[in-house]
Amino acid sequence: MINLPVLVLNQSYEPFNICRVRRAVVLLYQNKAEMLENGSGFIHSANFEFPVPSVIRLAFMIKRPRRYERKLTRLEIFRRDHYTCQYCSKETQQLTLDHVIPRYQDGQHTWENVVSACVACNRRKAGRTPQEAGMRLIRQPSRPHGNGLFYIPAHYPHIRGEWQKYLPG
Ligand SMILES: [Zn+2]
């Protein structure tokens, strides 16, 4: 229970990051945050009981750099593409990374040149450009932006229900 994830909002109510219950309880106890959602019951000790927070809001504003860069990883590409092959629109977990302009033709490893492709399309494209292979992208790949400040990492297992109303999109 002490390790459950807690959504931390900035004073402005913008999602700021995710911490563990243990850390959230300390922030609450020190009056550095207020609890907005009580996740799952109470933590009991000999002398007190403390609600298990699920969403807290900081009592002060934390500034962070405007640009919060996402790392270009397989999972982030699949996530950006909504687990959909960017050539045939098939939704699948069996995806590969495809360099639109192949690397040996000087294609870059960038958000703008890497897309999700299903195994069949990857085979069909076979190291050619879409034009050479007679294939078309369903959309032009680009760097994902979100709100630029916060996002839940692709590997994050699930979003808790009571978080939804605080998250953009
Ligand atoms: Zn495909």
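## Sheet, helix and salt bridges in a predicted model

Strand S1 (residues 5-9) runs parallel to strand S4 (residues 49-58), and the two are paired over three bridges. Strands pair here if DSSP finds at least two bridges between them; strands (E, at least two residues) and helices (H or I, at least four) are DSSP runs, numbered from the N terminus. The model is predicted: local features need pLDDT of at least 70 and side-chain atom pairs count only at pLDDT 80 or more, while totals for chains, interfaces and linings use all residues. Residues are numbered from 1 along each chain as its sequence is written, and side-chain values use heavy atoms, with hydrogens and water left out.

Within this pairing, leucine 7 is placed opposite valine 55 of S4. Both strands belong to an open sheet of four strands with mixed pairing, in the order S2-S1-S4-S3. Its edges are formed by strand S2 (15-20) and strand S3 (33-44), each of which pairs on one side only. On average, neighbouring strands of the sheet are turned by 35° against each other, direction ignored. Helix H1 (residues 21-29) lies across S1, S2, S3 and S4 and runs at about 85° to S4. Axes are lines fitted to C-alpha atoms, for helices over the stretch in contact (heavy atoms within 4.5 Å); angles run from 0 to 180 degrees between N-to-C directions.

Asparagine 10 is located in the loop between S1 and S2. Its relative accessible area is 5%, so asparagine 10 is buried; buried means under 20%, exposed over 50% and partly exposed in between (1.4 Å probe, protein chains only). The side chain of asparagine 10 reaches the backbone oxygen of isoleucine 62 at 2.8 Å. Beyond its neighbours within four places in sequence, asparagine 10 is in contact with Phe16, Arg57, Leu58, Phe60, Met61 and Ile62.

Side chains of opposite charge can pair when their charged atoms come close. The structure holds six salt bridges, each defined as a side-chain nitrogen of Lys or Arg within 4 Å of a carboxyl oxygen of Asp or Glu. Three of them are tabulated, among them the bridge between lysine 165 and glutamate 37.

| Lysine 165 | Glutamate 37 | 3.0 Å |

In the salt bridge of lysine 165 with glutamate 37, distant parts of the chain are linked, 128 residues apart: lysine 165 is in the segment after helix H4 (130-133) and glutamate 37 in strand S3. Lysine 165 is exposed at 64% relative accessibility, whereas glutamate 37 is buried at 15%.

Arginine 139 is partly exposed, at 37%, while aspartate 81 is buried, at 2%. A network of salt bridges links Arg80, Asp81 and Arg139.

The ring centres of phenylalanine 78 and tyrosine 83 are 6.1 Å apart and their planes lie at 55°, so the pair is tilted. Rings of Phe, Tyr and Trp (its six-membered ring) pair if their centres lie within 6.5 Å; planes under 30 degrees apart count as stacked, over 60 as edge-to-face and the rest as tilted. Phenylalanine 78 is buried, at 6% relative accessibility, whereas tyrosine 83 is partly exposed, at 23%.

Note on methods
A polar contact is a pair of N or O atoms within 3.5 Å; within protein, one must be able to donate a hydrogen and the other to accept it, and residues adjacent in sequence count only if both atoms are side-chain atoms.
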